[in-house]
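Biologist: I would like to learn how to read a fold from its numbers. Can we go through one model together?

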Amino acid sequence: MPDLLIELFSEEIPARMQTRAADDLRKLVTDGLVEAGLTYAGAAGFSTPRRLTLSLDGLTAESKAVREERKGPKVGAPDKAIEGFLRGAGVARDDLEVRDDKKGQVYFAVIEKPGRLAADIIAEVLEKSVRNFPWPKSMRWGTGSLKWVRPLHSILCILSDEAGTEVVPLDVDGITSGNTTRGHRFLAPNSFSVASFDDYEAKLKRANVVLRADERAEAIWNEATTQAFALGLEVVEDRGLLAEVAGLVEWPVVLLGRIDDDFLGLPPEVLQTSMKEHQKFFSVRNPKTGRIERFVTVANMETADNGATILAGNQKVLSARLADAKFFWENDLRVAKAGMEPWLESLSNVTFHNKLGSQKDRIERIAALAREVAPSVGADPDLAEQAARVAKADLSSEMVYEFPELQGLMGRYYAAEAGLPADVAAACEEHYSPLGPSDDVPTAPVSVAVALADKIDTLTGFWAIDEKPTGSKDPFALRRAALGVIRLVLDGKSSVKLDEVVQFHSRALYASLVLNDRASVLNDSTLDEEHWILGANKAMPDGTILALSVPEIFERVDALNVSLSRDLDWQAIRITSAKVIAKELLSFFHDRLKVFLRDKGIRHDIIDACIAMPGNDDLTLLVKRAEALAETLATDDGENLLQGFKRANNILSQAEEKDGVEYSYGADIKFAEHDAEKALFAALDAADAKIVPAMEAEDFSTAMTAMAALRGPIDAFFTDVQVNADSQVLRRNRLNLLSRIRNICLSVADLTKIEGTS
Amino acid sequence: MADKPRSFQEIILRLQTYWASKGCAILQPYDMEVGAGTFHPATTLRALGSNHWAAAYVQPSRRPTDGRYGENPNRLQHYYQYQVLIKPSPPDLQDLYLGSLEAIGIDAAMHDIRFVEDDWESPTLGAWGLGWEVWCDGMEVSQFTYFQQVGGHDCKPVSGELTYGLERLAMYVLNVDHVMDMPFNDPQTQIPLTYGDIFKQTEQEYARWNFDIADTDVLLQHFVDAEAECQRILDAPVDDPKTGLKIIMAHPAYDQCIKASHVFNLLDARGVISVTERQAYIGRVRALAKACADAFVQTEAGGAAA
């Protein structure tokens, strides 16, 4: 059972691609070998900046011979049929055997595939793997046509067992395989031969190459934390950076350096971001003060001066970088302390989307909406509006221009420097959240109000200009925004009437776009009458304006209650009724909610049953109802009640269809014959008495428990009483009784939406 | 141990000597305003076609938006790049490059030299390649690129391109903190000159002109003119009636493309190009670059059969 070792040695592979590439190499080669009839015991892939390595042990020395017999056409069949068979089987006509079959003489082809040596198979599979390697980006070099991530220099490919080691011969675009590799680019550049994986890994280490990425990462982390600990400091954990740095070095040398005192006053996040993004440095923090005081850089080099020159160079580069950051910070502070006015002004020159106006327009809209939703999330409307007005001011700051990932966070610092209330400053940072499904949801009411307004503006805006997500395409991350709204509302248990809010905002959106564009509209003589009626104010021939107020414009549009899809070419707004936008968006929210709740174990049909009820734009209420229903249906009573309801509903629907009438007159107990019938009357009365006030109090749990308690009486009724009695009076009365069951149940949730359980 | 150079110009001279010794033709700067050494026809056009090529040169480069009136220690609106282009890229290009660092006094045994992923793309030239930025002790000292496409044409064979930002590299080697303090000639000489002696005033003058004074109407007209002239040159019949020769005027046309590109940079610095317009302008320059590349590959230098 030989072992196989492959190394593909190249110029520096981007750090972000290495791990995946080692995995791809393992998969491509092992799949190829197995497909060709070999088996193996274990396989492992490795990567360094200059090599991809695959070690495979317990490989079979050759593939088994295969013999296959195929039955062909009858003797005397048309030539075409026989030729086709020969092609398929890959044999010559003379090789066919004639055998007796039940129906006469038939041709048989016997296909012999001899076993092949592992080396032959490996050579073939490896060449194919190299030629078809799934690099995210690959390139040619020199005069060759081979593509690799960067120029490929050598291929090591050996099979080894007790008897010794042999090179698997192969040639890929002029690169021939061998049994040699090289060590570290500077510390051990000479080539050496290897006999096995163990030999390879050991010799690499002697040649200043740590083969395993996790070993490099661990060494970096241990050394960094040890050096920091010795100074009473701690390294700020950053797994992404650690993995990246481990992919930039073959021989990690950890160096801990100083940050110039000049820069220690910068916010820690600024230091951290600048050091990480530009220099790939780790931040080292003083646990007592929380300040970043040092950095760790990882070199790929051991030097005679123990890294002193390298560290000095890195420190110098860092100082230049931080001097920039400090310059930005100080300039920004001046603007912030003066109230941030120039930033807000300049946002009018920043386009948010060419159909949705500037960032400044957007801020105006968000401010109005934040004020509107503030009461429903328990926020002070003035503070919410104020926060919304400054929440995006930092987008104009120099720091955020340089480090876009600091948006929001810098806003918080600058708002605090401007002397704004703490709630407002917090909202500057938190209003972007939650960004992903696992991101924290803000809880401070002002932050929640601005976060909701921000997301609802995005959703309404892109809906209004018909940029809805389709299939896998969601370029404006609207699904994420909708999920954000859902999580903000649910986490805060807030009662936000989304239908109203979106309608309110659609109008504000149009108003903002129409009003802002008034000047250009008035100067545009190409507009025809039609556009005016729909879109804006009417300019009379003498130049005066027949003012239609914005509410009047929307009255006109809303009166139509349709999506007009009419392009107003001066603004290219597709005027859609606010009601239509709200309806479509609500259904979008409901779809996202179903996905969200499915992950929490609530079935989609249960949600559908609740969406069918009034007040479904209040997601907190909707979820409360769904949870109560799910809980009820999980009980024995609930499950059986559902069956009883369905039976009642079926009988009733059939009768109504047959008779052509609706049985909704009150059933009368005086026509009740059986005890079970009388008991049902009593039970329905009792249930009514509990359910009606409970529903009014939105106490779904009590209402549903009361509904589930009907299970016994309903079951007994169906057991003892025949609904379709001969007497028309009795039959009608009983159908009307079923109607009461239906009405009571439907007042709690639309149980017809619940899928049958077996 | 490589001995240390003492001035900016010594670094340039050493690079010239080194690359000459490696077989490169040492060309002179292109006599037009360009944003980077890549724009020199010795790179852009010569990267196209099958003819082999090896050239190195200094290219003064202008980036009007980077002007800081000579105050910023690292930023200039006019600076120098050192550019090497070898086609086909030799298998030992990384080693050749490291040799050039040694030649200017960077001893690989004492420093941490790294090749960090950085793919290069020039939307204005319709060009891209894969490679690295080269770090020396955490500082980017060069761009190293294997050209894959230029002007929309696949590069076959592939050229290897090296670009050194000379001021930054020299500041590091000479241990200077502000570019204006850097010795330009030998500081021991009779009349020592710093970088600032030569360029401080010009940085101020150009920064003011770039940002505030340049006449944008005139520039806009220059752009349109250059664009039209480029197209007119390329549209001219190949047969020259005067000489009876077939002459495709790829280089004169490309000059107009360079001009349009620089005018665009000036307009950008003047702040008169909006975000949406930006893309359109870049697209127009790219169309010129592509047309010039199309023309060049029809010429003998571009690898067409003579």
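This is a predicted model: local features need pLDDT of at least 70, side-chain atom pairs count only at pLDDT 80 or more; totals for chains, interfaces and linings use all residues.

Biologist: What secondary structure does chain B have?

Modeller: Chain B holds 8 helices and 9 strands.

Biologist: How do I read the radius of gyration of chain B?

Modeller: Compare it with a compact globule of 306 residues, which would come out near 19 Å. Chain B has 20 Å, so the two agree. The C-alpha trace of chain B spans about 60 × 50 × 40 Å along its principal axes.

Biologist: What share of the residues of chain B is buried?

Modeller: Of its 306 residues, 54% count as buried. Chain B exposes about 13,000 Å², and carbon and sulfur atoms supply 51% of that area.

Biologist: And contacts along the sequence?

Modeller: Take the contacts in chain B with a separation of 6 or more. Residues 24 or more positions apart account for 66% of them.

Biologist: How many charged side chains does chain B have?

Modeller: There are 24 positive and 41 negative side chains in chain B. The centres of the two sets lie 3 Å apart.

Biologist: How many disulfides are there over all chains?

Modeller: A disulfide is a covalent bond between the sulfur atoms of two cysteines. The cut-off here is 2.5 Å between the sulfurs. Over all chains the count is 0. For C230(B), the nearest cysteine sulfur is that of C292(B), 3.8 Å away, so C230(B) is in no disulfide.

Biologist: Is C230(B) buried or exposed?

Modeller: C230(B) is buried, with a relative accessible area of 0%. C610(A) is buried as well, at 1%. C610(A) is in no disulfide, and the nearest cysteine sulfur, that of C745(A), is 13 Å away.

Key: Residues are numbered from 1 along each chain as its sequence is written. Chains are lettered from A and ligands numbered from 1 in the order in which they are written. Side-chain values use heavy atoms; hydrogens and water are left out. Helices (H or I, at least four residues) and strands (E, at least two) are DSSP runs, numbered from the N terminus. The radius of gyration is taken over C-alpha atoms; the globule rule is 2.2 Å times the number of residues to the power 0.38. Buried means under 20% relative accessible area, exposed over 50%, partly exposed in between (1.4 Å probe, protein chains only). Contact means heavy atoms within 4.5 Å. Accessible areas come from the Shrake-Rupley method with a 1.4 Å probe; for residues, only the protein chains shown count as cover. Lys and Arg count as positive and Asp and Glu as negative; His and the chain ends are not counted. The place of a charge is taken as NZ of Lys, CZ of Arg, CG of Asp or CD of Glu.
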